[in-house]
Amino acid sequence: MQRRDRGVAQSLGGPMTKRVKESRVLLVGAGGIGCEVLKNLVCCGFGSLPRNGGAQNGTTSDTHTEQVAAPQRKPEIVVIDLDTIDLSNLNRQFLFRKQHIKKPKAFVAKETASQFNPSVNIDAHHASIFDSQYNVEFFEGFDLVFNALDNLAARRHVNKMCLAADVPLIESGTTGFNGQVQAIKKGVTECYDCNPKPVQKSFPICTIRSTPSQPIHCIVWAKSYLFPELFGTSEEDSADVAVTEGDNAEEVAKLKMEAEALKKIRKLMGKSEFAQAVFDKVFHDDIERLRSMSGMWQSRKPPESLRYETLKSDIGADLITRGQTLCTQDQATWSLHDNLSVFCYSLDALSNRTRTRENVIEFDKDDKDTLDFVTSAANLRSHIFGIPLHSEWEIKQMAGNIIPAIATSNALTASLCVLEAFKIMRSQPQEQKALSKPTANNHLPTTTQSNVGGKSEGILGGSKMVFLNSRSTERMITTQNLAPPNPSCPVCSPVYAKLYVSKDIKATLHELVLLLKEKAGYDEFSITSDVGVIYDPDLEDNLPKPLRDYAPEAQGHQFITVTDESDEQPKVDLVLSTVVLSDTEMETSKLQILPEQISLPSKPVKAAVVDGEMDGEMNGDPEPVMASSVGAKRKRDAEEEVTSAKKRAKADGNDDEVFVVQDDEAIVLD
Ligand SMILES: [Zn+2]
């Protein structure tokens, strides 16, 4: 223990070691990257000063109107994770062991990591980061936030909360052998939303339903069309399939009718003829209808339909029993007859579940019945269209959009997170932020703040965007300078302020409108909450309604956006993060805004907008990117046009690419 302390002190120097020990940091996510980050934080001594060594107010429930006298924050690491431990986590989330399966990740991570350094203070929360308790004031209580999340929604939420609270965020992610670490600070760097994120690729409905040419098309058909039609909600809810411009409207209408007919067959569920009815409908009748559309098959091989009775008589055994045996052999590629057997077996198993205990079953790659069904149905369809069949194991990878999570990528990325944390902490002013008077964090996107901390080492203490490519033999780690904020980013360009709403009174929207006029000098403006526009100069109907209707504690309802509607030199948006207080916490019954006076700069002139795009391209260029980004952006635009034109041409020629998508980021596999 002591030896490790000495090592850290020698590496970081005395003053920095002290700051690390005094720090209060938040780690969101205790999964693949989160476990590794936590281990590193604990071993480096983050938040390891004794708890009673400075903090007097144990749980900080002081009145919020006395912000100025806020107590010193207590040194600790707060970990929040919603998940419980699953067997499949154990190959890379090394804080967990077999006996921890089904237990909350946050609690077990705390328990295990505490043993590495008993002097560290860890506070574990088994909860969703969207919970209203984690409001902007909660975020303000940290020196630094680490994102170790696996989904876009939560990442974007934490990004916004950190901007609102003006706390630096270290965002990280891995996909397979690649990793990325990015420091985000309001007004200084790009935020997570400054660049549009790749959206999940959806397939044109006609490719999936009428003209599949690749295994993935049949898998998506089985998973996103047939399965939900039989056991879940309808296709309309699926993000995998969409009506696109290239789709033939007439064909789309016919496909709708086909789906309706399938719904009728669903009523036969539980009866002995169910399997045959489904099979003949989707693998015979629908295929024959497709075949009859001769225009479709001029340049393609037409599909060959199948008959249940014919195939069944070839087998001459009980299909369900046979399927039950076969489906344990997930590495083998099943024959046509094998697939029919597994199809009947899984249909029977799923029907029983639907009738006895589950109203709706969703496809889950780890739910064996659903995977058996999707595998066999996809293979039967592949056979019909002359597409190669695949083993269940292979289909699981494709259907589950699986990109293997690699322990070393996570470990390397997590270590880079902590190295960036040191740089940021060194660049931050020495005094405790909680002691300073609250101000609006309306930093204008400017580069003059580059030298925070007084040293000319670049923005955020020289922090960089870091890329990991563990597969590269040349350079495993590359960096890129952090880009300045995108002035037209809807998330980080507004000014953030806090709106205190009492839980027990009914402040109206009218009160808010008056308050905004007074505090921010608005004339013509509109107010938007998650439910849409709730007020504008022509919409006054809502004025008498209680504000709580629009800013409840419910998840995702924490922000209200105020937009200046004046024609001349409109101001930037104002985003109010609502903090709901009990009567005892609030001194007056009126709405309050902090800071008391808000000054809003004008919106940047459109022509000067630099789309601070970061295209993930790896370059170790030490020169600042700001000066060249306009030109670079233009060049990229041109390149993108070429690529998308190529893609369009490809799509027209029905030569589709395979896209494998993970929860958080899209990976394109040609
Ligand atoms: Zn932004």
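**Exercise 1. Determine which residues of helix α3 are buried, and compare the span of the helix with expectation.**

Solution. In this predicted model, the buried residues of α3 are Gly 32, Ile 33, Gly 34, Cys 35, Glu 36, Val 37, Leu 38, Asn 40, Leu 41, Val 42 and Cys 44. Since eleven of its 13 residues are buried, α3 is largely enclosed by the rest of the structure. Just after the helix, Gly 45 adopts a positive phi of about 85°.

**Exercise 2. Work out the geometry of the zinc ion site from its donor atoms.**

Solution. First, list the protein donors, which are the SG atoms of Cys 191, Cys 194, Cys 489 and Cys 492, at 2.2 to 2.3 Å from the zinc ion. Next, take the angles among the four donor atoms, which run from 95 to 118°; because four donors count as tetrahedral if all angles lie between 85 and 135 degrees, the site is tetrahedral. Along the chain, the donors follow the spacing C-x2-C-x294-C-x2-C. Cys 191 lies in the loop between β6 and β7 and Cys 492 in the loop between β10 and β11, so this pair ties together parts that are 301 residues apart in sequence. Both Cys 191 and Cys 492 are buried.

**Exercise 3. Classify the ring pair of Phe 46 and Phe 422.**

Solution. The count of aromatic pairs comes to 19. For Phe 46 and Phe 422, the ring centres are 5.9 Å apart and the planes meet at 15°, so the pair is stacked. Phe 46 is buried at 0% relative accessibility, and Phe 422 is buried at 10%.

Notes
Residues numbered from 1 in each chain as written. Predicted model: local features only at pLDDT ≥ 70, side-chain atom pairs only at ≥ 80, totals over all residues. Heavy atoms only, no water. Donors = N, O, S within 2.8 Å, 3.2 Å for Na, K, Ca; no water. Tetrahedral: all angles 85-135°; square planar, octahedral: opposite > 155°, others 65-115°. Helix = DSSP H or I, 4+ residues; strand = E, 2+ residues; numbered from the N terminus. Buried < 20%, exposed > 50% of the residue type's maximum accessible area, 1.4 Å probe, protein only. Phe/Tyr/Trp six-rings, centres within 6.5 Å; stacked < 30°, edge-to-face > 60°.
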